[in-house]
Amino acid sequence: MNTKRRDSIQSVPPASAVRRQPWSIAAAVVLLLAGAIRFGGAVNDLWLDEIWSLQLLADHATSPLDVFTKIHHDNNHYLNSLWLQLTGPAASPVLCRLLSLAAGIGTVALAALIGRRRDTATAVLAMLLVGFSYVLVLYSSEARGYAGAVFFAFLSFLLLDRYLDRRRWQTAVAYSLSAVLGLLSHL
């Protein structure tokens, strides 16, 4: 009888895990819906400025280095231009926008991590605000550098906050790299 009772006690999850489960499910649902909205916005024709980026690459860039040295235009968002050069001019609009889609969905996840440093309710609320913001949905459904800039801004904020908690050189290096990638996303 004693072993039966011990087995039943061990099979019950801890109270903190039971309390976290609804928040985890809510976060997963928000992330899934935010991703679906962004994907829905990305499955249409390219906008004029996206086509312009492809044309700048076709006219001026024969190598990845040319993205930095030969295209001096405010429509040249370096990381996005490198991505477009990698995918090629005949790629589907969704493939052209894949980098922005990933950055947009990643920004929603980063909002959760930033909010989670306070509590789980803040994490889900931050996900809702970022996940369904019209501007952020628009940024992450276009082949432009804006979604990457926002993603790396959120990542830099998270890394700086972690660095201020525990001053580790690895976090400082990751923060520096994130800030540089943010600038390369959109100057």
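Predicted model: local features only at pLDDT ≥ 70, side-chain atom pairs only at ≥ 80, totals over all residues.

Residues are numbered from 1 along each chain as its sequence is written, and side-chain values use heavy atoms, with hydrogens and water left out.

Let me begin with the salt bridges. A salt bridge is a side-chain nitrogen of Lys or Arg within 4 Å of a carboxyl oxygen of Asp or Glu. The structure contains five of them. One of these joins Asp49 to Arg144, with the closest N and O atoms 3.0 Å apart. This pair links distant parts of the chain, since Asp49 belongs to helix H3 and Arg144 to the loop between H9 and H10, 95 residues apart. Helices here are DSSP runs (H or I, at least four residues), numbered from the N terminus. For accessibility, buried means under 20% relative accessible area, exposed over 50%, and partly exposed in between, using a 1.4 Å probe and protein chains only. Asp49 is partly exposed at 23%, whereas Arg144 is buried at 3%.

Which residues does Arg117 join in a network of salt bridges? Arg117 forms a salt bridge with Asp161, the closest N and O atoms being 2.6 Å apart. The side chain of Arg117 also meets that of Asp165, at 2.3 Å from N to O. Arg117 lies in the loop between H7 and H8 and Asp165 in helix H10, so this pair ties together parts 48 residues apart in sequence. Through shared partners, Arg117, Asp161 and Asp165 form one network. Asp165 counts as exposed, at 54% relative accessibility.

Glu50 is in helix H3, residues 48-60, and has a relative accessible area of 1%, so it is buried. Contact means heavy atoms within 4.5 Å. Leaving aside neighbours within four places in sequence, Glu50 contacts Asp45, Arg97, Glu142, Ala143 and Arg144. Asn80, in helix H5, is likewise buried, at 3%. With residues up to four places away not counted, Asn80 touches Leu99, Ser100, Ala143, Arg144 and Gly145.

On a 1 Å grid over the protein atoms alone, a cavity is a set of points where a 1.4 Å probe fits but cannot get out; a pocket is an open set with protein on both sides within 12 Å along at least five of seven lines; and lining residues have an atom within 4 Å of a point. Grid points are joined across faces, edges and corners, and a volume is the space filled by probe spheres set on the points.

How many residues line the largest pocket? There are 11, of which Trp23, Ser24, Ala27, Arg116 and Thr120 lie nearest its centre. The volume of this pocket is about 160 Å³. Helices H2, H7 and H8 each supply at least two residues of its lining.

One cavity of 30 Å³ or more is found. The largest cavity holds about 50 Å³ of space, and its lining includes Arg38, Gly104 and Tyr139.
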